[in-house]
Protein chains: 4
Amino acid sequence: MLSYVTAGESHGPQLTGIVTGVPAGLELDVAELNTALAARQGGYGRGNRQKIEHDQVQIVGGVRHRITLGSPIALVIQNRDHAHWSQIMDPTAEATPQNTLRKVERPRPGHADLVGGMKYRHRDLRNVLERSSARKTAMRVAIGNICKQLLRQLGIDLVGFVTQVGPIGGTAVPTHDVARITTAIQENDLRMVDQTEVGAVHDLIDQTKRAGDTVGGIIRVIAENVPAGLGSYVNWDTKLDAKLAAAVMGVNAMKGVSIGAGFTAAQSFGSQVMDPINWDETNHWSRASDHLGGFEGGMTNGMPIIVNAAMKPIPTLYQPLPTADVNTKEAKKANVERSDTTAIVPASLVIESVVAIELAKVITDTFDGSNLGRLQEQVAVYRQELADY
Amino acid sequence: MLSYVTAGESHGPQLTGIVTGVPAGLELDVAELNTALAARQGGYGRGNRQKIEHDQVQIVGGVRHRITLGSPIALVIQNRDHAHWSQIMDPTAEATPQNTLRKVERPRPGHADLVGGMKYRHRDLRNVLERSSARKTAMRVAIGNICKQLLRQLGIDLVGFVTQVGPIGGTAVPTHDVARITTAIQENDLRMVDQTEVGAVHDLIDQTKRAGDTVGGIIRVIAENVPAGLGSYVNWDTKLDAKLAAAVMGVNAMKGVSIGAGFTAAQSFGSQVMDPINWDETNHWSRASDHLGGFEGGMTNGMPIIVNAAMKPIPTLYQPLPTADVNTKEAKKANVERSDTTAIVPASLVIESVVAIELAKVITDTFDGSNLGRLQEQVAVYRQELADY
Amino acid sequence: MLSYVTAGESHGPQLTGIVTGVPAGLELDVAELNTALAARQGGYGRGNRQKIEHDQVQIVGGVRHRITLGSPIALVIQNRDHAHWSQIMDPTAEATPQNTLRKVERPRPGHADLVGGMKYRHRDLRNVLERSSARKTAMRVAIGNICKQLLRQLGIDLVGFVTQVGPIGGTAVPTHDVARITTAIQENDLRMVDQTEVGAVHDLIDQTKRAGDTVGGIIRVIAENVPAGLGSYVNWDTKLDAKLAAAVMGVNAMKGVSIGAGFTAAQSFGSQVMDPINWDETNHWSRASDHLGGFEGGMTNGMPIIVNAAMKPIPTLYQPLPTADVNTKEAKKANVERSDTTAIVPASLVIESVVAIELAKVITDTFDGSNLGRLQEQVAVYRQELADY
Amino acid sequence: MLSYVTAGESHGPQLTGIVTGVPAGLELDVAELNTALAARQGGYGRGNRQKIEHDQVQIVGGVRHRITLGSPIALVIQNRDHAHWSQIMDPTAEATPQNTLRKVERPRPGHADLVGGMKYRHRDLRNVLERSSARKTAMRVAIGNICKQLLRQLGIDLVGFVTQVGPIGGTAVPTHDVARITTAIQENDLRMVDQTEVGAVHDLIDQTKRAGDTVGGIIRVIAENVPAGLGSYVNWDTKLDAKLAAAVMGVNAMKGVSIGAGFTAAQSFGSQVMDPINWDETNHWSRASDHLGGFEGGMTNGMPIIVNAAMKPIPTLYQPLPTADVNTKEAKKANVERSDTTAIVPASLVIESVVAIELAKVITDTFDGSNLGRLQEQVAVYRQELADY
């Protein structure tokens, strides 16, 4: 079964990831991995840290001569900023007054700081935020890209993009065509399909930044050509939409996740939001619409998968919020760590990545995921069976 | 670790559930279990089936003289309607023309019918819908109620209720007080807090039913007095909000899940939706608001947990949707199975149940869940530690 | 993924089991299930309880007209003896002096009694032994038999038998032919292959019984025609032999497990215990011997799987061992519960069952386990691929 | 929950490990980690590779100023030998005739070579053996040592040692005292307690090496002062002895695992192998013996844990075994890779490590494993409760 785990602090020496269960025989395009990492660092509304890091992934296990071996894949992304933090974040030197500067003792509302300190008994909340930081999503993008490359070999494509920033956007996306969307979002620095909204969003972000504030947004991921029948209705924990929900909500700053029409479906009538079934000689089984976002009974139904994610504004404000010092208990303004006005663009890559990972998981779980060739053969036979049903 | 599994078809002999990991020493109130099951069967907008079933749970393992033993708890709910289906759903008699009547061959858009048939190679889609049916959520309510009784022994209360039906509702709930909400929703047959909306929803449901249509809705669950620090930011799959998202999305008909302000947070500025931190001698650590629904960094932060769920309309329409016969491939109207106009009321119980289950899981995972007394002692020490942080 | 959970106390109303992940489309032979249950109750050396119970399984979910649906299968085995214990083991009546007779307060060394009481804070150790009892293995035999029926549809057969009782036996089994072994062990009431040892074992058991003592033994399971390549060397927790080890050690009273030559291999030279590889036109890849019991690198290698299990003597002695009363702390003789002189025969069925379950798991994990027909097709293609390697 | 995953090929750039769930607040002694790695490389009977590698662990995540943060710990061990293999094992260079020398096409019986090739569709079996190699156990020793340091903070000590090499040894170890054993085994290069056997084992290994052969052995791990009640009898997969069995069998070359008297118990009478229970004012609950190796009902019983492991001889023989070429199918002698005559000494460290890991897992699962201080407090309260039972 495909699974992954990551480690690494935001200013520590490196991010480390291990992915198990990637089929043998997949030729990995490392340049594409690095392009995905670069995309995660871009986007309007980012702060200065992204100018320091230029993430490059190293593959240190599980791949030989570009081809996956079937053994666990180990990935490393160096933190270039670590050079400035090598004493403060030293793993093995003893703590001294000199290397414990930059303590965080005024927890930022909305971040893990305070609760993390309580749970793990930390008094310097840097010990929390170094791991709770979204820095760690860089590794998830690398792993997601491996999965995306795998899915492509099975005919499945997907893309994550931004549909709304703060109050702007939310207009219906007129297509589920991944290639067209991918092209459209490369026209701007917001990964938005509707070019007419870009100017207004730029203005909004600029104003927000000037106000020392931050702003949230909504992300959509669409995956095409996913075969029907992945996941199962038989128990709640075999439903693929449930797994997607966990994967999306597990990304930093996400406060909501929906499939297809989502919360709008809840406000609708059944006659409006179901997707009528059709059969014809050419297309075999198909649907007239995709309100349900590609899911029925927790299973893929062959239509494009549509996942939406609601991202809260980043909690680090340059006009910091009220808090209290964890040691003196005095009322204070929260600490400020270098941060972005909005991270909706990189987050759209991260959400795309976790959807890719879940799809790769369910496919390698359903079929024999030992070797890519065998997997392709089984999926091809299965797709034919679906057509012939 | 607390976990559960269920089995049983909608018209089969019974629903069966096994829950492992409930602490020993919990006195189970079976009457309360049955009250929860009765509540699941109520609510405006239900069809006739609910008049047939009067669910009663039997405990057939794991409990002795009302007290849990620490061993797995086995539960049975008989399907009273099975009397009318005993041949059609016979587990052990061979199939004959007589006992295979009532075949389902015109899959209902929005249900698992078609994809389930493809995945499991069924031609009589009854083999799908008997399990994909929401009938199985009765067992989840029973299990959820056991967890609710457990949580109460730890000082934690929760309630699920309806905030919107179709286009009606959605007004802010003015309180997070579980007791007040519980009282308010018992005043009507919709589990709604705002009594002024009840009449309009009744009318809406009546009209919908006359039109042969169905309607969706939105559910909220609030849990009070949950200690801070459950779940963890250290990896995505240790975040409690991610687990809640999976549990909610895993319930039949759910298309969205959010925490606190959810999708509204995504449209807001950081200064609006964070919850400032306060410390004082009386309350120790507290927050001025609860926009984040009790979660920071995937961990509980001590504020009320707020979970929202978007339920699509039930896909079985008495004015059935276009489909095709799975055998002849001819265009047809979908099969009609006895169904409700809306199941938002019972669903609110189910969502409450899955939230209760996840909270019981994380608490028994975090502390020693072998025995209730020891668990209470550890939680009490931990709560004191949080206060003293 | 195929998994199962069971519930039920030894003298409670019933044993309950739920198996998820059994492929749809398997025709279940219920008579064979009951035959397996009867076999578990037989064997030389059993006590009187087995004359009370005549286990019969009821299928209450997941099966329709004998065919599995793909949904979870629920099984019930009534405890006939419960009639005599209905008050003492009543799940829902309050405890009274009358229904709390037969307390166990003198824990039996070797059983879970004392530690179970400590862990779960029980003072009447009946609350422990009712679940720790091997009675619960009846359900595992039923579930194992379902898996055995599934494996047979994939060309895989297996059998569990007794190779040693106390000091008698341990001679090499001259064959790995499951059919021949199955025939041979039906010739006696000890499930032993070597008929010449049966008389001596009968005498041993008789003497042991007269002495108020008990005796252990060794079990072997052989599985034939398992395709190579199940399990994986890539990480320790993907090794199939490791999973078998857990499954076997998880059976009551087991203190050891080995594969193939096992502990003898540890005392040998490499030139003695490896299995040379051969290739020829007829048999394709084969081995000259099977010292490694069908495993290399934690994967099946296509040779018969050989698993050995060491069963300790049953700890309940009619000449009871020294212990102390958990309430008074006085030195006492241990409680005596009705028990067997040896349970090696039923245990051989249980070990066979857990091996069947693990094999069914790994095969449905590796291939698409949704439907038996599709699974058979994928396994057939894979077997051909192995032959052509 | 504490868990770990590793990656890395034998001649690849590095071994990588990530451990999640180690409590925050543990001061890690890196020197001790490196001492454990050095011990794994020692022992009589090793080949030349060990002279090349001098394993040193780097901590690249989860630790700051020597103290664990509660976040995942990332570890790296460089493969010094990689310098000689940098082209052949290059992860990202395309395959060329020059960098694909040293192909393995004559699979070694007893290794994963042939089956791994079949499963993952490799034709150069180096793609298998690079991961199936026991080289990867170096990382498990590092992780095991972290767990050992954790356990020590909870008063638990353990040691792994050699009880038998080939036919020599197997005499009863006269003590369960971890400190005494640890001292004794440092007197020789075989990690054997009985110094009188050392000479004979040296001779045996020398002869075996001269014969181009290899030899197996038996390992024992003893863990002291483990509190009673870890693990549970309630289901097979909650039994701690079952988990230990999987962990041990999951180590390269292991063919058997037993607890306490193990297979000897199977040949014994109940009166011989149970451990009578005693209670007195001083020691509270204790046992007169430890035949059951510290387990009853799958739970620790407070006595020393005794785990035995049977290691087969290493399958790489300098007098290689018959095999066939995977491409030409011709009968051949198996490939020879640099190897040891016996690896029983390092394996004893690995088995010690996996036992340490399982004990750390169960303790952090049972209690709150977020922070070492809180864990210590909970364990202390629990130990007192056991004494007072």
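User: Start with chains D and A. How many residues of each are in contact?
Analyst: In this predicted model, 53 residues of chain D are in contact with 52 residues of chain A. Contact means heavy atoms within 4.5 Å.

User: How much area do they bury between them?
Analyst: About 4,200 Å², with 52% of it on carbon and sulfur atoms. Buried area is the accessible area (1.4 Å probe) that two parts lose on being put together, summed over both.

User: Which residues of chain D lose the most area to chain A?
Analyst: D:Arg64, D:His65 and D:Arg121. Together they make up 18% of what the chain D side buries.

User: How many salt bridges across that interface?
Analyst: The rule finds 6. A salt bridge here is a side-chain nitrogen of Lys or Arg within 4 Å of a carboxyl oxygen of Asp or Glu.

User: What does D:Glu377 pair with?
Analyst: D:Glu377 forms a salt bridge with A:Arg121. Their closest N and O atoms are 2.8 Å apart.

User: Switching to confidence. What are the scores?
Analyst: The model has ipTM 0.97 and pTM 0.98. Chain A averages a pLDDT of 95, and 98% of the residues score at least 70. pLDDT is the predictor's confidence in each residue, from 0 to 100.

User: What are the ground rules for numbering and cut-offs?
Analyst: Residues are numbered from 1 along each chain as its sequence is written, and chains are lettered from A in the order in which they are written. Local features need pLDDT of at least 70, side-chain atom pairs count only at pLDDT 80 or more, totals for chains, interfaces and linings use all residues, and side-chain values use heavy atoms, without hydrogens and water.

User: Which strands pair with E6(A)?
Analyst: E2(A), residues 14-20, pairs with E6(A) in the antiparallel sense over 6 bridges. E3(A), residues 57-61, also pairs with E6(A) in the antiparallel sense, over 4 bridges. Two strands pair if DSSP finds at least two bridges between them.

User: What stands opposite A:Leu15?
Analyst: A:Ile77 in E6(A). A:Ile77 is also the bridge partner of A:Val57.

Key
Helices (H or I, at least four residues) and strands (E, at least two) are DSSP runs, numbered from the N terminus.
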